[in-house]
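Try each task before you read its solution.

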Amino acid sequence: MKRASYIFLVTLAAMAGCTKGFLDINTDPNNPTKVTLNQLLPASEQGLGYAMGFTNDARGARGLTEVLSVYMHQVTVRESQDQYGATGSQFDINNSWSDFYSAQSAQPTPDYIGVLENLQVLIDEARAGNNYIYTAIGRILKAYGVSQFVDAFADVPYSEANKFASAGIRYPKFDKGQDIYPQLLVQLDSAIGELQATGGNSLKPAADDVFYGGDPDLWIKAANSIKLKLYNQIRLTTNVSAKVNELINGGNLISSLEEGFMIRYRSGTSPDDRNPGYSEYYATQKSHYQSPWFYEILKGLNKRLFTGIRDPRIPYYFFNQNKPLTAAQNGTDYRDSAFISILFGSVGPNRDKSQDNSMTVFGIYPVGGRYDDRNALVVNGGSGTGAAPLRLLTYADVLYIKAELQNAGIVAGDARATLQQALDASFAQVDFVVNLAKGSQNIPALAGTASATGYINSIMAYYDSRPTAAAKLEVIMTEKWIQSFGFSGDQYSDYRRTGYPVLFDPNNAAQAPGGFFQPPLTGDPSLGGPQPAVKVILGRRYPLSLPWPTNELNVNPNAPAQKAPDTSPVFWDK
């Protein structure tokens with residue numbers, strides 16, 4: 001059950017201010033009041049993963065992907081983000097914000113501290129001790145995390161955030177996103193300089209760094225790749241040509257699957273170090289339905305895009321608990337043989353019926369669940385390993401960004417050739433994740449197979465048939481969206497920037513004629529006849545940014561009035 005208790009930025013800053021140290025609120029001799037760098041770093045990295053990804057576990061619902069995956073039509077839910085109804089008072093948004101900004105985690109017995117608080121202490125203490133690798137990693141993580149919050153919320157606390165102890169600021173102002181971005185790029189440049197510095201570094205990260213094991217060269221590649229992503233993000237409002245050409249020509253970007261900017265989860269349960277999205281496998285009530293819109297694009301059923309091109313990644317992405325010819329737990333809202341889900345915006349008679357034991361769940365690729373070998377079973381905590389990484393910025397992402405920039409004429413090169421490289425990397429990435437997460441499962445390799453090669457050739461032929469640069473961009477952005485399943489932060493930004501991929505709209509007459517969506521007619525064999533069309537509705541416009549958390553607005557006198565999300569774009573959204 002989702003928790004309703006929060007401890008947020010302002011209150012915790014005041015609590016922490018009662019003493020000199022950020023952990024001095026507890027004088028238990030069994031707990032230290034000063035945390036070492038090798039404790040601060042993994043706590044920061046873990047917290048960033050919780051704030052960014054799928055996270056709905058015993059600690060409560062949080063993680064921006066919980067909301068954004070629905071907005072990007074890869075997951076459907078019965079909760080308020082359905083029909084774009086997320087508000088500032090809902091668990092996911094409040095808890096993600098709290099976990100990111102708080103001086104202490106929003107739990108009665110916290111096991112980690114808020115991301116920014118950890119990172120600032122990490123940066124300050126590492127700098128004081130001339131431990132520049134730690135300082136640089138802290139800067140990179142801070143720049144990345146803040147950029148994601150700007151991209152999601154538009155304006156956020158930055159210049160005054162987490163500064164009660166150092167500057168007596170109890171109520172931080174909200175800075176404009178366009179003022180924050182340049183400072184983040186400066187942070188990244190400073191970090192690169194520190195990673196290249198000689199001398200100092202009596203302490204060096206190793207196993208405590210769950211991204212790169214403390215490797216400075218890989219962190220430099222990550223910083224450059226994040227810079228490339230940020231410059232591409234603002235390309236519609238700022239001339240970034242010189243900057244992106246310098247980065248691409250410099251060649252010091254993420255350049256292999258292993259170099260991806262990702263949190264490498266494992267399979268341990270005590271403590272639990274599995275991908276937080278894997279909690280769906282052992283949840284008492286499952287809530288993440290796999291989007292029929294996403295599924296139909298992968299299967300080649302979408303009438304507008306990639307029609308007739310079946311994606312062989314389907315059994316890696318989704319696991320069907322139900323057998324193809326077996327009746328579901330209850331009447332289904334959407335069914336295609338063994339694939340069972342609910343539609344975005346559905347008001348059909350079966351939308352709210354329990355399907356915990358029948359619904360299609362995440363597969364091995366996004367969260368370390370099961371590969372669908374057609375041996376249906378009701379999943380539980382032991383059905384997979386949960387050892388899939390949270391892929392925040394991958395080699396494939398870098399290639400898709402490069403293809404987008406080439407398509408726009410900002411950098412030289414052949415966008416088609418780069419897209420093909422990105423597709424190859426996307427399929428190899430599936431095998432990369434499988435090898436980390438498969439455990440005892442016997443799972444076939446995907447990259448280089450006839451089905452993978454056939455799919456890529458079909459997509460490239462489809463790309464060649466597109467008559468304009470805009471139509472070709474749709475192919476690039478749709479394939480980027482497909483491969484990034486499991487993390488929706490950049491998907492949400494990409495869609496608002498480019499308009500791609502095309503998303504499901506219940507008000508679109510071509511997608512839902514007369515306000516009804518038609519599942520595959522013979523998709524439910526238990527009916528003995530055609531599957532009925534399902535009534536879908538949408539009464540809200542697409543949110544251009546997320547609402548600010550009401551827990552912050554209610555207490556912080558320097559916070560702005562709540563926004564209307566559908567009329568409040570991020571600064572780079574032209």
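**Exercise 1: a helix and its cover**

Leu-64, Thr-65, Glu-66, Val-67, Leu-68, Ser-69, Val-70 and Tyr-71 are the buried residues of α3. The model is a predicted one.

Task: How many residues of helix α3 are buried, and is the helix mostly covered or mostly open?

Solution. Step one: find helix α3 at residues 64-71. Step two: apply the cut-off; buried means under 20% relative accessible area. Step three: count. In α3, 8 of its 8 residues are buried, and the helix is mostly covered. Step four: look past the end. His-73 follows α3 and has a positive phi, near 55°.

**Exercise 2: the largest cavity**

Task: Which elements each supply at least two residues of the lining of the largest cavity, and which gives the most?

Solution. Step one: count cavities of 30 Å³ or more; there are 8. Step two: pick the largest, with a volume of about 80 Å³. Step three: find its lining, which includes Arg-391, Trp-481 and Asp-494. Step four: assign elements. β10 (390-393), α17 (469-483) and α18 (489-498) each supply at least two residues. The most come from α18, with 3 residues. Step five: sort the lining by type. It holds 3 nonpolar, 2 polar and 5 charged residues.

**Exercise 3: the largest nonpolar core**

Solution. Step one: take the core of 166 residues. Phe-149, Trp-219 and Phe-261 are among those that touch the most other members. Step two: find the helix. α6 (residues 132-153) gives the most to this core, with 13 residues. Step three: follow Phe-261. Beyond its neighbours within four places in sequence, its contacts include Leu-141, Tyr-144, Trp-219 and Arg-391.

Notes:
Residues are numbered from 1 along each chain as its sequence is written. This is a predicted model: local features need pLDDT of at least 70, side-chain atom pairs count only at pLDDT 80 or more; totals for chains, interfaces and linings use all residues. Side-chain values use heavy atoms; hydrogens and water are left out. On a 1 Å grid over the protein atoms alone, a cavity is a set of points where a 1.4 Å probe fits but cannot get out, and a pocket is an open set with protein on both sides within 12 Å along at least five of seven lines; lining residues have an atom within 4 Å of a point. Grid points are joined across faces, edges and corners, and a volume is the space filled by probe spheres set on the points. Helices (H or I, at least four residues) and strands (E, at least two) are DSSP runs, numbered from the N terminus. Ala, Val, Leu, Ile, Met, Phe, Trp, Tyr, Cys and Pro count as nonpolar, Asp, Glu, Lys and Arg as charged, and the others, Gly among them, as polar. A nonpolar core is a set of buried Ala, Val, Leu, Ile, Met, Phe, Trp, Tyr and Cys residues joined through side-chain atoms within 4.5 Å. Buried means under 20% relative accessible area, exposed over 50%, partly exposed in between (1.4 Å probe, protein chains only). Contact means heavy atoms within 4.5 Å.
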